[in-house]
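Visitor: I have not looked at this structure before. Please show me how to read its features.

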Amino acid sequence: MKLGIVIKMLFATLVFSLVSGLSQAEDKKDRLVLTGSSTVAPLLSEIAKRYEKKHPGVRIDVQTGGSTRGVNDARNGMADIGMASRAPKDSERSLKFFTIARDGIAIILHKSNPVKSLSDDQIRKIYAGEITNWKDLPGGLDEKIIVVNKADGRSTLELFLKYYKLKSDQIKPHVVIGDNQQGIKTVSVNPHSIGYVSIGSAYYQVKQGIAPLKLLPMGNVVASMDTVARGKYPLSRPLNIVTKTQPQGLVKDFISFAMSGEVHDIIEEQYFVPINR
Amino acid sequence: MSEQAVRLERGSHYDLDNLATFIAWSGFIVVVLIFVWILGEILVNGISVISWEFLTESPGNAGRSGGILPILVSTGVIVFICLAFALPMGVATAVYLNEYTLKDSRFAKFINISIDVLAAIPSIIYGLFGFVFFNNVLGFGFSLLSGGLTLACMVLPFVIRASIDGLKAVPDAYRESSTALAMSKSASLFYVIIPSAMPGIIAGFLLGIGRALAETAALLFTSGYVDRMPSGVMDSGRALSIHVYDLAMNVSGGDANAYGSAFVLIVVLLVVNSMAIYIGNKIQRRQLR
């Protein structure tokens, strides 16, 4: 019967593709798998591409799924290298963490705003809608505060919320922005606004006088690439890669490549802060 | 009845009619407005990004520059694998349920409930299932194959439901006539009943493609995030919807290309839909002639 032959053929194709697929999967000598933080993944993808170009035959697959997953996958061997956009927790001290870059947030005000600095508590109150006028802050004018917030899901927002212990629905923003450039533009044209962007995107523009902004110091620490790189600036986090044991061979070579000056331009392109060594 | 009463009665009827018309029209307009708004937003923001290079180059600088060719290829492979498994299985299950079992049998009821439960499961659960079963237990790793098979599981209940609806719409007279003409059960299935059920099967096909193209969560865990050109079904590859999500959420400065990719996604969806409808009509006409 015709149908029987068709079914047999389909089944044979299925078995064949499975077998050939499995044998293909075993060929993994020059292959690295990275999993973890969706903030670090775009950066590592680009670093991996450059590494692949330098070492033909090597394949590095970067997957995402969150920092905790990255650490767990590195621990149980699912991945050769994990990625985590946070410092190691106490239970993770036995793993090897390597910081390849840092991510920092700068609180930005318009250059003409007389307010010189804000405490963590004041910033929290501004974003929670408890302080709504600049006159309630030291040195501030009698003007309404325009709160500029990032769109949901952005990694910068995540870091911001975590630092100020705010919840996404507590914030009542007047303007919601997507990316850093939009944030810089919004605050540049609204003299009474407050916003935050990743430090890498704002620092050079402010330093070269392109955008009429100022970066607020955090505590007594100035917001600069240098203080972030040295880990002094509080509103920042390390971008780590994780291995289970002391790296060897290809893993070791790739990690030292990712930590070398050869990738600083890539790190800056992703608006992160390279660490000078 | 006086002339005036007739007019009055007619008047109130007209009022009700007008009200019904108004409700129907406003519902229609709201739906169209939402559709036009979404489409317009993506068109306006996306079209400036679209160029031959965008469609034929690999992404660069985490997707901010370059194009989406490897992502288009990966998406195509995933959707193909998904439908290659889901469509035959779905139609076969629907045929079994509608043509071979009694509707009230306990077994048929059990299968029906299972299908409804499967349809209600959130896609992330399918993603986790696929990650455990296809990636780990079967050892496929992050691969287009795992992604396609996971989507096949996810899409299956919708394909089955749509195909059953298609089969139910086939009048019993067709079945009786083919039996009266001494056609075998399989011949009547393949030459009469399935072709007549084609609109339902096409609807299932469309639902399948739609859900497969739109899926992000389930694919992140199974086919993965790698934006290299895949060299086989065992390679990891990034689907278009994941690319849009990643550019919009994780890559600052990626908004322009996110809109561009979303634009391509919608165009692909529209093209596939109209092709499926066209082909479905053709098949139905030819088989029934």
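Guide: We will go through a few kinds of feature, with the general idea before each case.

Guide: This is a predicted model, in which local features need pLDDT of at least 70, side-chain atom pairs count only at pLDDT 80 or more, and totals for chains, interfaces and linings use all residues. Residues are numbered from 1 along each chain as its sequence is written, chains are lettered from A and ligands numbered from 1 in the order in which they are written, and side-chain values use heavy atoms, with hydrogens and water left out.

Visitor: Where is W25(B) placed?

Guide: Helices (H or I, at least four residues) and strands (E, at least two) are DSSP runs, numbered from the N terminus. W25(B) belongs to helix α1 of chain B, residues 3-46.

Visitor: Which residues form a nonpolar patch on the surface with W25(B)?

Guide: Patches take residues with over 30% relative accessible area and no salt bridge; like charges are joined within 9 Å, and nonpolar side chains (Val, Leu, Ile, Met, Phe, Trp, Tyr) within 5 Å. Areas are computed by the Shrake-Rupley method with a 1.4 Å probe, and for residues only the protein chains shown count as cover. Here the patch consists of W25(B), F28(B), I29(B), V32(B), L33(B), F35(B) and V36(B), and together they have about 700 Å² of accessible area.

Visitor: How many aromatic pairs are there over all chains?

Guide: Rings of Phe, Tyr and Trp (its six-membered ring) pair if their centres lie within 6.5 Å; planes under 30 degrees apart are stacked, over 60 edge-to-face, and the rest tilted. The count is 15 aromatic pairs over all chains. One of them joins W25(B) and F28(B) edge-to-face, at 5.4 Å centre to centre and 85° between the planes. Both residues lie in helix α1 of chain B, 3 residues apart, or about one turn of the helix. In chain A, ring pairs link Y127(A), F160(A), Y163(A), Y164(A) and Y196(A) into a cluster.

Visitor: Why does F28(B) count as partly exposed?

Guide: Buried means under 20% relative accessible area, exposed over 50%, and partly exposed in between (1.4 Å probe, protein chains only). F28(B) counts as partly exposed because its relative accessibility is 47%.

Visitor: Which charged end sits over the ring of Y100(B)?

Guide: A charge sits over a ring if NZ of Lys or CZ of Arg is within 6 Å of the ring centre and within 35 degrees of the ring normal. Over Y100(B) sits the charged end of K185(B), 4.9 Å from the ring centre. The charged end of R238(B) sits over the ring of Y225(B), at 4.2 Å from its centre.

Visitor: What does the side chain of R237(A) meet in a salt bridge of 3.7 Å?

Guide: The partner is E158(A), and the 3.7 Å is taken from N to O. This pair also links distant parts of the chain, with E158(A) in helix α5 (residues 155-164) of chain A and R237(A) in strand β9 of chain A, 79 residues apart. E158(A) is partly exposed at 44% relative accessible area, whereas R237(A) is buried at 7%.

Visitor: Is D227(B) buried or exposed?

Guide: D227(B) is buried, with a relative accessible area of 8%. Its place is the loop between α10 (217-222) and α11 (240-249) of chain B. A polar contact is a pair of N or O atoms within 3.5 Å; within protein, one must be able to donate a hydrogen and the other to accept it, and residues adjacent in sequence count only if both atoms are side-chain atoms. Such a contact, of 3.2 Å, joins the side chains of D227(B) and K49(A).

Visitor: Which residue has a positive phi of about 65°?

Guide: A182(B) does, although it is not a glycine. A182(B) is in the loop between α7 (172-180) and α8 (185-196) of chain B, and is exposed at 69% relative accessible area. A62(B), not a glycine either, has a positive phi of about 60°. A62(B) lies in the loop between β1 (59-60) and β2 (65-66) of chain B, and is buried at 6%.

Methods. A salt bridge is a side-chain nitrogen of Lys or Arg within 4 Å of a carboxyl oxygen of Asp or Glu.
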